Amino acid sequence: MHFDTLALRATHQPDPTTGAVVPPIYLSTTFARNETNELPAGYTYTRPNNPTREALEKALAALEGGAVGMAFSSGQAAAMTLFQALSPGDHVVLSADAYYGTPALLEQVFHPWGLTYTRVDMRNLDAVQQAIHGNTRVVWCETPSNPMLSITDLLTVSRLAHEAGAICVCDNTWATPVLQRPFDFNCDVVMHSTTKYLSGHSDVLGGALIFKRDTEFAQRIRLLQGLSGAVPSPFDCWLVSRGIKTLGVRIRAQTVTAQAVAEFLNGHYGVEKVHYPGLLNHPDRALIQQQMNAPGAMLSVQINGGAAEAIRFLGKLKLFTRATSLGGVESLIEHRASVEGPTSATPQNLLRLSIGLEHADDLIADLAQALAD
């Protein structure tokens with residue numbers, strides 16, 4: 001099936017009892033046993049399992065082409081549970097340019113616990129190979145990366161991981177299965193912050209892990225998911241499922257606008273550099289064409305000057321909302337280094353843009369007036 005059909009079929013499950021086209025949200029925290037003390041539908045308590053969450057998890061697995069999906073209360077909760085499934089002394093290889101919360105989690109929580117990690121430029125495949133050790137259990141990719149939009153060769157990196165007995169995890173939040181399916185390139189686990197494009201309306205917090213196969217490692221994470229309780233509420237699951245129905249049409253429309261915005265900014269006298277996979281001068285263009293269906297709706301721009309000039313430009317914008325996060329229907333912009341804090345390696349003049357569903361001409365006009373002297 002085409003993606004739009006798959007997205008609707010995966011989330012469209014009429015209620016078998018009433019025939020309701022939109023199934024109910026099962027808010028109950030507990031489920032009754034029958035006269036013989038059995039659980040008729042297999043549900044016991046909403047922390048380990050819930051019908052609304054189970055429906056979302058099946059949909060997530062279908063969208064990515066995986067065997068098992070698991071929903072969490074946030075993207076960070078998903079990442080944390082995966083790392084919890086490892087053991088002290090294990091080693092993780094992590095992309096140098098990645099969502100800042102992932103290395104923060106490893107450094108501040110899991111490194112004191114005994115997990116070690118190495119950050120590496122994933123574009124340098126020799127460096128990736130050298131970073132993988134005998135105790136490496138996970139190679140964590142993020143492509144396109146946050147916030148520099150560099151591209152990781154998933155097929156090669158997954159091969160390097162497998163040769164060492166490790167698994168390859170891909171954070172697919174920015175691309176989503178509309179633009180990229182990591183399992184097609186032999187990745188083992190796909191991670192999402194469902195807060196972003198999958199829900200798509202900036203009104204729900206959530207995360208997900210999808211497994212290509214139902215392995216012992218996947219079962220371990222399912223156990224931890226229930227024991228830790230880092231699960232989304234039934235209502236949050238319903239909101240993500242609702243967002244998935246329009247995922248394809250939203251991202252295609254946002255991508256068209258992002259391409260126009262990137263082309264306007266690229267070469268503008270007030271701009272030092274634009275980072276966007278759809279530009280002809282992107283250094284990873286050949287890999288993008290091989291690995292992605294389209295360049296997506298995220299871009300970063302470096303304003304001529306430093307942090308002061310970038311923030312001054314931010315203050316002049318009228319249509320872009322100055323806020324963190326991404327993937328919603330409204331266009332957002334942020335000074336990324338400010339969000340990441342004093343240890344940030346992001347250029348001080350870099351702004352990250354999440355393009356929404358406003359008309360391209362209006363967004364470009366807003367950027368033009370803010371760039372004007």
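1. A residue is called buried here when its relative accessible area is under 20%, exposed when it is over 50%, and partly exposed in between (1.4 Å probe, protein chains only). By that rule, 54% of the 373 residues of the protein are buried. This is a predicted model, in which local features need pLDDT of at least 70 and side-chain atom pairs count only at pLDDT 80 or more, while totals for chains, interfaces and linings use all residues. Residues are numbered from 1 along each chain as its sequence is written, and side-chain values use heavy atoms, with hydrogens and water left out.

2. Overall make-up. The protein has 14 helices and 12 strands; helices (H or I, at least four residues) and strands (E, at least two) are DSSP runs, numbered from the N terminus. Its radius of gyration, taken over C-alpha atoms, is 21 Å, close to the 21 Å that the globule rule gives for 373 residues, so the protein is as compact as a globular protein of that length. The globule rule is 2.2 Å times the number of residues to the power 0.38. Along the principal axes, the C-alpha atoms fill a box of roughly 80 × 50 × 35 Å.

3. Contacts. A contact means heavy atoms within 4.5 Å. Taking contacts between residues at least 6 apart in sequence, 70% join residues at least 24 apart.

4. Helix 10. This helix covers residues 247-265, and at 1.5 Å a residue its 19 residues should span 27 Å; the end C-alpha atoms are 26 Å apart, which agrees. The expected span is 1.5 Å times one less than the number of residues. Its buried residues include Leu247, Arg250, Ile251, Gln254, Val261 and Leu265. Just after the helix, Gly267 takes a positive phi of about 90°.

5. Gly328. This glycine lies in the loop between strand 10 (321-322) and strand 11 (332-335). Gly328 is buried, at a relative accessible area of 1%. Not counting residues up to four places away in sequence, Gly328 touches Gly200, His201, Ser202, Gln254, Ser354, Ile355 and Gly356.

6. Backbone exceptions. Most residues other than glycine have a negative phi, and most peptide bonds are trans. A cis peptide bond joins Thr143 and Pro144, with omega about -5°, and another cis bond joins Asn146 and Pro147, with omega about 15°. Pro144 is in the loop between strand 4 (136-142) and helix 6 (154-163), and Pro147 is found in the loop between strand 4 and helix 6 as well.

7. Asn186 has a positive phi of about 70°. Asn186 sits in the loop between helix 7 (176-179) and strand 6 (189-192) and is partly exposed, at 35% relative accessibility. Ser202 has a positive phi of about 55° and lies in the loop between strand 6 and strand 7 (207-211). Ser202 is partly exposed, with a relative accessible area of 43%, and is one of the residues that Gly328 touches.
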